[in-house]
Amino acid sequence: MKNKSLLMLVLGVLSGSLSAKDYLISTPNTSLLITANPGEKSKFQYYGSRISEKDIQGIYDSSLTFGVESYPVFGLKTAGERAMAVTHSDGNMTLDLVVENVRQYTEKDGDVTEIRMKDLVYPFILKQFFKAYKGTDVISTWVEVENNGKKPVTLHRFASAFFPVHRGDNWMTHFHGFWGAESTMEEEKLTNGQKVISNKDGLVNSESDNPSFLLSLDGRPQEEYGRVLGGTLAWTGTYLIKMDVKNTSFMVSAGINEETSHYVLDGKKTFVTPEFAMTYSTSGKGGVSRAFHRWARAYKLNRGNIPHDILLNSWEGVYFKVDQKEMDQMMEHFSAMGGELFVMDDGWFGNKYPRNTGSSSLGDWEVCKEKLPDGIEGLLESAKKHNIKFGIWIEPEMANTKSELFEQHPDWILRVANRPLSTGRGKTQVVLDLTNPEVQDFVFGVVDNLMTKYPEIAYMKWDDNCCLLDYGSSYLPKDRQSHIYIEYQRGLNKVLKRIRAKYPNLVMQACAGGGGRVNYGILPYFDEFWTSDNTDALQRIYLQWGISNFYPAIAMASHVSADKNHQTGRRIPLKFRFDVAMSGRLGMEIQPRDMTEEDKAFAKRAIASYKKVRSVVQLGDLYRLVSPYDRKGISSLMYVTPEKDRAVFYVYKIEHFVNMLIPSVRMNGLDAQKMYRLADLTAAKADKPCPLDGKVISGKVLMEEGVVLKEILKKEYSSMVLELQEVK
Ligand code: DGJ
């Protein structure tokens, strides 16, 4: 690029075709620069801190530009990774794309740059999009492919994103996991070679690893300093994220996992990849997280700015033993503690086959008359009597082989015709074929029937306890079987879209055997997610820490459960359990009848305290202070309002040894000039708050010197939640 100044383009709201070459896509703190000359390859030049037009020349002069293709395709000069690979109907396996034109326009939620490329020989169009979400630091990218020919083109590879990163002391953070240990943070230095994060499950896509990662450019990533890029694939199916690291270059690609999903694109049809969202921060991982949280609340959660109710879920309290009396007493007790919503979990349905274990009844979404003779009506009456909202559990994408649904519609199941049927949970669970519009109607009907009959239902927990088992659909044609993973997700999306169009205010939780569906592909239809079936407060500190890197507290369901814990058998004081759950969307998952009067009184106080600070926790900015992964014996975090007038601070003792060092904790995100009054929100004894209660301390002291905790965190599982309020 010789004379940049002639070629520069103004960022912003432009429409129509443009002929200029440099496209600067900016958010308040970041910029992405693309060069796109008609007839040439589109080039990815820069992604980093916000720059203005006058900086562009400097970016070129400092050799900060990459000059690599923004969407490289397979076939010519074939070496290296490619974003797309196809086979044309004549067997030709090459693409050669050049820019046709570029459009920039404004949508309701962001400014879009659309680079239209065409193949030089085949009637094949690829549009690459970049969207800068308004009021956030998130830019997303995806592509749309148009087959303008008459015959099909087969897509073998179709990444959503493909971009370079500056090579240096690069570290990657990702969130590996398994049932009960989802989103376990892994941090590693990237050495030469390829690093892959992927999922091939098809449904439970974040149990193996979350489709999100952080990349540090400056060595081991830090919470509040250093350059960090964060990316997440907004897709709830199989995915493949690849880091291709060489001595001097570093390319990232992210998209649907095409290994089992080649896609036959018919003539005159288009194919759109999922969105990949990214942000960049010079304030470390914390900066990345806060950017994603704001974006999620504004655009990627259903009603992401409305704080959520405090709920009691029946699962760990009664498991499948649901009945009217049990539900009524749970509502009564919880309401007396200040609870706002009761959710009846699994076990309420099925008549020919009552749901008493995980091995029958899915699909038969009629109330079990034996267990609930008064029906949902009876439960709604109880809820009314106890002045509490009512919610219900469903798993509508599934059936059991022992169910009326399976007997009536064996063809609605995903299965391979000439092979035995595989089964999941309870050795009988199978997956419905959501590629089939009839099945889509049925799944929509599960929600619609309940909501039409009982519009008072305020909440639904949408579970999925099975991966996509058998790769076979009796609905899809023989030559489109390779579309199953993709068409399943499209079917699910259609259903969820219909539900949201009709029931925008129904609060819905995405659950998949715990935290198996925590991704921005599904979350736009949901208000929150179930973080994990593991409710052990100690392990939750780690799980929630991991999740918080990309997902905000408002969506992170965090429940107080029994002592001893059902997953780990650990015994932890109620205060600690509450203090952990109160750092997310507080709820309970317990049999309240088994709680002592003293425990109930404590729970009542803690719930009242949470209500006071709920908006700060659920809508505030997160500052992670001491990582549990750093093995310092404690973990600490806080939320601060954007105005910096209120905050909530948490600290937990997670190791306990005689004479151990308890580090003091420096707070963050406050205004150094402001004075804050501290209040102990969850003192074990109401009349014995911690020594910091009532103290007025400046933001400067709290952030620069911090608070000394050795007296406060003396005992095993000691913890503290402080409210901070500006004193004017
Ligand atoms: C798995 C979920 O994660 C649990 O919370 C519970 O809803 C069970 N399924 C019910 O079967």
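Contact here means that heavy atoms lie within 4.5 Å. The model shown is predicted: local features need pLDDT of at least 70 and side-chain atom pairs count only at pLDDT 80 or more, while totals for chains, interfaces and linings use all residues. Residues are numbered from 1 along each chain as its sequence is written, and side-chain values use heavy atoms, with hydrogens and water left out.

**View 1. N400 sits in strand β25.** Let us start with N400, whose strand covers residues 398–400. Strands (E, at least two residues) and helices (H or I, at least four) are DSSP runs numbered from the N terminus. Is N400 buried or exposed? N400 is buried, because its relative accessible area is 0%; buried means under 20%, exposed over 50%, and partly exposed in between, with a 1.4 Å probe and protein chains only. Setting aside residues up to four places away in sequence, N400 touches R355, G358, S359, S360, S361, L362, F406, R425, T428, Q429 and V430. With T428 there is also a polar contact of 3.0 Å between the two side chains. A polar contact is a pair of N or O atoms within 3.5 Å; within protein, one must be able to donate a hydrogen and the other to accept it, and residues adjacent in sequence count only if both atoms are side-chain atoms.

**View 2. E528 belongs to strand β29.** This strand spans residues 528–530. E528 counts as buried because its relative accessible area is 0%. Which side chain does the side chain of E528 meet in a polar contact? The partner is R585, at 2.7 Å. Not counting residues up to four places away in sequence, E528 touches several others, among them H308, L311, Y459 and M508.

View 3. Look for the polar side-chain atom of D346 that lies 2.6 Å from an oxygen atom of the ligand. In the side chain of W393, an N or O atom is 3.1 Å from a ligand oxygen, and in that of N465 an N or O atom is 3.4 Å from a ligand nitrogen. How much of the ligand does the protein bury? Taken alone, the ligand exposes 290 Å², and the protein buries 98% of that.

View 4. Among the buried residues of α6 are G375, I376 and L379, and their cover includes α5 (324–336), β23 (341–344) and β24. H386 counts as buried because its relative accessibility is 11%. Leaving aside neighbours within four places in sequence, H386 is in contact with D328, M331, E332 and S335. H386 and D328 are 58 residues apart in sequence, and their C-alpha atoms are 8.5 Å apart in space. N387 is found in the loop between α6 and β24 as well, and N387 counts as exposed because its relative accessibility is 66%.

View 5. Most residues other than glycine have a negative phi, and most peptide bonds are trans. Although K268 is not a glycine, its phi is positive, about 65°. K268 is found in the loop between β19 (263–265) and β20 (269–272). For N387, also not a glycine, the positive phi is about 55°. Which two residues does the cis peptide bond join? The bond joins D563 and K564, with omega about 10°, and K564 lies in the loop between β30 (556–561) and α11 (574–581).

**View 6. Q481 lies in the loop between β27 and α9.** The two elements are β27 (459–462) and α9 (484–502). Beyond residues up to four places away in sequence, Q481 touches Y471, G472, S473 and L476. A polar atom in the side chain of Q481 lies 2.9 Å from the backbone oxygen of L476.

Technical notes
Areas by Shrake-Rupley, 256 points an atom, 1.4 Å probe, with all protein chains shown as cover.
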